[in-house]
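User: Could you take me through the aromatic contacts and the nonpolar surface of this model, with the reasoning behind each assignment?

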Amino acid sequence: MNDGKMTEGIIYMDHAATAPAYPEVTAEITKWFSGWYGNASSTLYSVGRKSEEGVARARAQVAALLKTSDREIFFTSGGTESDNWAVHGAAIANRKKGNRIITSAVEHHAVLECVQYMGRQGFDVTVLPVDQYGMVDPAKVREALTDDTILVSIMHANNEVGTINPIVEIGAICAERGVLFHTDAVQTVGKIPIDLSAVHVDLLSGSSHKFGGPKGCGFLYARKGAKVDPYFHGGGQERGKRSGTMNVPGIVGTGLACEIAGSHMAQEAARLSAMRDELQKGILERIPDVKMNGHPEKRLAGHLNVCVEGVEGESMVMCLDMNRVCVSSGSACTTGSLEPSHVLLAMGIPVELSHGSLRFTLGSANTPEQIPYVLDRLTTIVGKLRAMSPTYRKR
Ligand SMILES: *Cc1c(COP(=O)(O)O)cnc(C)c1O
């Protein structure tokens, strides 16, 4: 799958951060940059109409993957914009009805920070807790719904631990109360089936680079009739909902990625979970004092998140990188100090242990032969780091 020379020999296990674009997508996008470069809104001449057609096809491809109508798909610059648009747009459009926004403690920062921002603008915010697996209990959503609630935003699957939320139940509860339901489905689009004709979701965010499409492109599904204000104002593209010259190459690539991902979703999930289970089994067998994070069953196929006692996640990431293995840690070194993962903390994992988190997210770049090598390297690295660790004592 890897056609880039730079990543030759690299074992990339961080697909939740970004995934390589499908080679077919890369080839297709190139044509739309240089050959078919028309503005999709300049439809009085052929070059523009060609782009308009490309966008229309892509919209139909996205809609087909999600089992909805193409009139409910709006292209954006990615997951972050879609999340911000959904939260901000729904809050502003419905503020005459009420003032409360409900979300969960484990959302991606694109939702969490936006909701907190709306809180500073005068909205009331309820942040729901999660269980030990990082899952939101629908009963907690029901309890939290007040008469002045206008929006519930709960992610489909969590990016750090892969736990899949019961959005069918949550959607039904919101529908009963006439409250808008947004779900950040960035980690699930193209990975697990989403049937918007069967589940009650008003707004859904997707991001192309997480499932084989290009970076800087995504979409928001907005159910017909859902009251949402635009976030970008301007030339009135996307039927006045999202202004800005359309990213035609990105959009065409997004559509194609949806088609490809949709065509082999079940097989790919089976392939990834077999590798993931092998990796998980190996780690638990060979490395003592490791805690598995995330739901044992209701979890994305490629996700494996563990806490390794007595070792810093960042140290393991750097040591693995020296062995040409790319993974990530829950602790993000943002300001020079190690911030523990808000997701792991919300799951009740002690701060100390959360610093030892390691996330493997498998995807198209992985093959089964890579697993034994990664296991060997990790076992050696953890042994060495623990030997130097002031906090790890062998039991
Ligand atoms: C990556 C991610 C985002 C942000 O998407 P971008 O397209 O990178 O802005 C939002 N939510 C989740 C769950 C993600 O994993």
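Predicted model: local features only at pLDDT ≥ 70, side-chain atom pairs only at ≥ 80, totals over all residues.

User: How many aromatic pairs does a search of the whole structure find, and what is the geometry of Trp 32 and Trp 36?

Analyst: The search of the whole structure finds three aromatic pairs. In the pair formed by Trp 32 and Trp 36, the centres are 4.8 Å apart and the planes make an angle of 75°. Because planes over 60 degrees apart count as edge-to-face, the geometry of Trp 32 and Trp 36 is edge-to-face.

User: Is Trp 32 buried or exposed?

Analyst: The cut-off for a buried residue is under 20% relative accessible area. Trp 32 has a relative accessible area of 2%, so Trp 32 is buried.

User: Which parts does the pair of Phe 74 and Trp 85 tie together?

Analyst: The ring centres of Phe 74 and Trp 85 are 6.0 Å apart with the planes at 75°, so this pair is edge-to-face. Both residues are buried. Since Phe 74 belongs to residues 73-76 and Trp 85 to residues 79-93, the pair ties together parts 11 residues apart in sequence, namely strand β2 and helix α3.

User: Which residue has its charged end over the ring of Trp 36?

Analyst: Trp 36 counts as partly exposed, at 32% relative accessibility. The charged end that sits over its ring, 4.1 Å from the centre, is that of Lys 50.

User: What accessible area does the nonpolar patch with Leu 44 have together?

Analyst: Leu 44 lies in the loop between α1 (23-34) and α2 (46-66), and at 83% relative accessibility Leu 44 counts as exposed. Together with Tyr 37, Tyr 45 and Val 47, Leu 44 forms a nonpolar patch on the surface, whose accessible area is about 490 Å².

Conventions
Residues numbered from 1 in each chain as written. Heavy atoms only, no water. Phe/Tyr/Trp six-rings, centres within 6.5 Å; stacked < 30°, edge-to-face > 60°. Buried < 20%, exposed > 50% of the residue type's maximum accessible area, 1.4 Å probe, protein only. Helix = DSSP H or I, 4+ residues; strand = E, 2+ residues; numbered from the N terminus. Lys NZ or Arg CZ within 6 Å of the ring centre and 35° of its normal. Patch = residues over 30% accessible without salt bridge, like charges linked within 9 Å, V, L, I, M, F, W, Y side chains within 5 Å. Areas by Shrake-Rupley, 256 points an atom, 1.4 Å probe, with all protein chains shown as cover. Salt bridge = Lys/Arg side-chain N within 4 Å of Asp/Glu carboxyl O.
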